[in-house]
Amino acid sequence: MSGLALGSMYGLIALGFHITYVVSNTVNFSQGSSVMLGAVVGYTFAVRLGWPLPLAMASALVACAAFGLLVERTLVRPFAQRGSNAWLMATVAGGIVLDNAVLFTFGKEPRSFPSPLAMQPIEVLGAGIFPLQLLIPLIGITIAGGLSLLLRRTRRGKALLAVVQNADAARLMGIDVKRTIAVSYALSTALAGLAGLLIAPLFSVHSDMGTLFGIKAFAVAILGGITSASGVMFAGILYGVAEALVTALLGSSYTQIVMFTAVIAALALMPNGLFGRAPVRKV
Amino acid sequence: MHAQVEFANIARRLLLAGALAFAITLPAKAQEVVKLGLVAAMSGQSAKSGEAIVRGLSIAIDEINARGGLLGKKVELIVRDDESNPAKGAIAARELVQREKVAALFGGLDTPVSLAIVPFANQNKIPFMGVWAAGTPITRNGAAENYVFRVSAVDELVDKALVDYSLAKYQAKKPGMILINNPWGESNEKGLKAALAAKNIPYAGIEKFETNDVDVVPQLSRLKEAGADVLYLVANVAPSSQVVKSLDRMGWAVPIVSHWGPAGGRFSELAGPSAAKVHFIQTYSFSGKLSPKGEAVLAALQKKYPEIKTLADVTPAVGIANAYDAMHLTGLAIAKAGSLEGPKVREAFYAIDTYPGLIKTYQKPFSPANQDALSEKDYIFTHFVEGEILPLTQ
C-alpha cells in the first residue's frame with residue numbers, strides 16, 4: 001500500500017524523462033534536483049512566507065518550469081546542436097550546482113513541510129495510511145493518461161512528436177522546433193517539482209532529498225520503456241510496490257540489491273523496457 | 001697571517017651559527033600559532049553537528065587564548081568539511097597535517113569518516129580527538145600506539161545503557177532494532193546484541209533502513225509481527241523522524257529508546273508531535289539548573305553567536321559540550337607536554353590528573369587501556385519537547 005504512493009512519485013519524475021526524450025532524444029539528469037527545487041520553493045513560500053498553499057504550489061511549479069527552460073537553453077541546446085552528447089554530463093553537473101546553491105541559500109538542516117493530508121492516518125484494508133498517499137497515485141495516473149492523450153490526439157501533441165522524427169521536416173511544416181523542445185523541458189521539470197511537492201509532507205525538505213529519487217526514476221523510465229507515458233507510470237508504481245514488498249518479505253538489507261538486479265534482468269530480457277517500442281530504423 | 005686565519009675561522013663560525021639559528025627560527029616562525037584541525041560535516045544533512053562542534057571548540061579556544069594561549073602561542077582552529085564522506089574526510093585530515101601542520105585533529109559526527117582517519121592518525125603519530133562519532137572501534141582500534149582519544153559516547157556503552165533503560169522503564173521482554181544501514185548502525189547492532197545477550201533477553205528482529213528512505217513501514221511491520229515490545233533506534237535526525245512518522249501511520253504506539261541521533265537537528269519539527277515519545281541518550285543538556293561552568297559557557301555562546309536566542313537554539317548540546325571539554329583536555333595535554341610533537345602530547349594525555357569540565361569533573365580521564373573520557377555513568381536520557389531537549393528522570 002505504501003509502495004503505491006512512492007511508486008507513483010517515481011512515475012511522475014520518470015514521466016519528465018519520458019517527455020523530453022520523445023521530443024528531443026535528450027534527457028535532463030538534474031530531474032532529482034528539480035524534485036528538490038519544487039519542495040524547497042514550495043516550503044519557502046508556504047511555510048516560511050505563509051502564502052496560501054495553492055499559490056505556493058503554483059509558484060513552485062513555475063520556478064521548476066523556469067529551471068527546466070534554463071537547463072534546456074544552457075546545458076542541453078548548445079551541446080545537442082553540435083551533435084555532442086555532453087548534455088548528459090552537463091545536466092548532471094547542473095543538478096549538483098543547484099543542490100549546492102540550495103544548500104547555501106536554503107540552509108543545511110532538513111525541514112518539515114506539514115500538510116493537512118498527512119496528519120491523521122486513515123485505515124485502508126487494515127493498514128494505516130495518510131490520505132496524501134492515496135492522492136499521489138491518483139494524480140500520477142491522471143497526468144500519465146492526460147499526457148498520453150495530449151501527445152497522440154491533439155495537434156500540439158503531434159507537433160511535439162513530429163519534432164523528434166525529423167526536426168528539419170517539422171521546421172518546414174511550420175513547427176517551432178526550438179520552442180517545442182524548450183516547452184518539453186519546462187513540462188518535465190514541472191512534473192518533477194510536482195513530485196517533490198507531493199512527497200515533501202511525507203519526507204523532509206533538504207538540499208539532497210532528490211538525488212536518490214532521480215536515480216530510481218531514471219531506472220523506472222528505462223524499465224517502462226521510455227517512449228510510453230502510461231508504461232513509464234505503470235513501471236513506477238510497479239517499482240514502488242515491489243520495493244515495499246521485497247523489504248517486507250526479505251528484509252531491508254536486500255531491497256536495493258534485489259531491485260536493481262531485477263531492473264538489469266528486466267532490461268536484458270526486454271531491451272526496450274516493459275512497454276517501449278523498438279525504434280524503427282529506416283534503411 | 002695567523003690572526004687573519006683566526007678571523008676567518010671566527011667569521012665562518014659566526015656565519016654557521018647564524019645559518020643554524022636561521023634554520024631553527026624558520027619553522028618556529030611558521031608556528032607562531034598552534035594550529036588545530038577539525039574534520040567534520042559542515043554541509044549536508046548533518047551540517048548542524050559541524051556547526052555545534054565549531055562553536056564548542058571556539059568557545060574553549062577563546063578561553064585558552066585569553067589566558068595566553070598554549071606554549072606561549074595563540075591557538076587557531078582550521079576547519080575542513082568532510083561532507084559526511086569517509087574519502088573526503090581522509091583527504092582533509094592528510095591535508096591538515098601535511099600542509100597546515102596542525103598539532104592535533106578533531107573529528108566530527110560520522111563514525112565512517114572517523115574510522116577512515118584513525119589509521120592515518122596512528123601511522124603519523126597525530127593525536128586525533130573524537131568529539132562526537134560514537135563508533136566503538138574508533139578508540140578501540142587495536143593500534144599498539146593509540147593516538148585516538150574521545151570525549152563522547154561509545155556505542156558499546158551506549159548500547160548497554162539503552163538496554164538497561166528499556167528494562168528499567170518499560171520492562172522490555174522482546175525488543176526490536178531499527179538501525180541505519182551504515183557502519184554506525186552495524187557498530188550498534190553488535191553492541192545491542194551483546195548487551196541483550198548479557199541480560200539473557202531475546203530480540204524480535206533487526207531491521208535496517210537507508211538515510212533517504214521515505215517509508216519505513218515495511219521494516220516496522222516485520223518487527224511488529226515478530227512481537228517487538230520496545231524499539232531500539234539508531235539513526236541520524238532525518239531518518240529517525242521517518243521512523244516516527246511511519247509508526248504514526250501504522251498506529252503502533254511502541255516505546256522507542258534511541259541513540260542520540262535525534263539530537264542532531266530539528267527533530268520535533270520533522271517528526272511531529274510523536275517526537276516526544278522518543279527517549280534518547282545525551283552526554284549533556286543545557287536545560288534545567290546549570291552548574292556555574294554551564295552558565296558561563298552558555299553566556300559565552302550567546303555573546304559570540306547572537307543567533308542563539310533560546311535554549312532551543314543551543315543544539316545539538318552534545319556537540320558543543322563534548323567539543324568544549326575535548327578542547328580543554330587537549331590544551332592541558334599540549335601544555336603538559338611542553339611540545340607539539342605527537343608522541344609527547346599522547347603521553348601527556350595520560351598524565352592529565354583533574355580537569356573540572358562542563359560535562360563533569362574528569363579524574364585521570366585517559367589511560368592506554370581506556371582512551372574514552374566518558375563512560376555510561378555520564379549518560380543521561382532526554383526527549384524533545386517543543387524544540388527543546390529536556391532531561392528525563394529514570
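Start in chain A with α4(A), and show what its buried residues pack against: α2 (31–48) and α3 (53–81) of chain A. Before going on, a word on the ground rules: this is a predicted model, where local features need pLDDT of at least 70, side-chain atom pairs count only at pLDDT 80 or more, and totals for chains, interfaces and linings use all residues. Residues are numbered from 1 along each chain as its sequence is written, while chains are lettered from A and ligands numbered from 1 in the order in which they are written.

Helices here (H or I, at least four residues) and strands (E, at least two) are DSSP runs, numbered from the N terminus.

Now select residues 87–106 of chain A, which make up α4(A). These 20 residues reach 27 Å from first C-alpha to last, close to the 28 Å expected at 1.5 Å a residue (the expected span is 1.5 Å times one less than the number of residues). Which residues of α4(A) are buried? Color Trp87(A), Ala90(A), Thr91(A), Gly94(A), Gly95(A), Leu98(A), Asp99(A), Val102(A) and Phe106(A). Buried means that 20 or more other C-beta atoms lie within 10 Å of the residue's own; with 12 or fewer a residue is exposed, in between it is partly exposed, and C-beta atoms are placed from the backbone. Step just past the helix and you land on Gly107(A), with a positive phi of about 115°.

Next, bring in chain B and look at where the two chains touch. There, 25 residues of chain A are in contact with 26 residues of chain B (in contact means C-beta atoms, placed from the backbone, within 7 Å). On the chain A side, α1 (2–24), β2 (127–129) and α10 (229–250) each supply at least two residues, and α10(A) gives the most, with three.

Now pick residues 111–123 and 183–198 of chain B, helices α4(B) and α7(B): how do their axes cross? They come within 8 Å and cross at roughly 90° (axes are lines fitted to C-alpha atoms, for helices over the stretch in contact, and angles run from 0 to 180 degrees between N-to-C directions). That makes α4(B) roughly perpendicular to α7(B). For the contact itself, show Thr111(B), Pro112(B) and Leu115(B) of α4(B) with Pro183(B), Trp184(B) and Ser187(B) of α7(B).

Last stop: Lys160(B), in helix α6 (residues 155–170) of chain B. Is this lysine, Lys160(B), buried or exposed? Lys160(B) is buried, with 20 other C-beta atoms within 10 Å. Leaving aside neighbours within four places in sequence, Lys160(B) is in contact with Ala195(B) and Glu376(B). Draw a distance to Ala194(B) too: the C-alpha atoms of Lys160(B) and Ala194(B) are separated by 8.4 Å, although the two residues are 34 apart along the chain.

How values were computed:
Angles under 35 degrees count as roughly parallel, over 145 as roughly antiparallel, 65 to 115 as roughly perpendicular and the rest as oblique.
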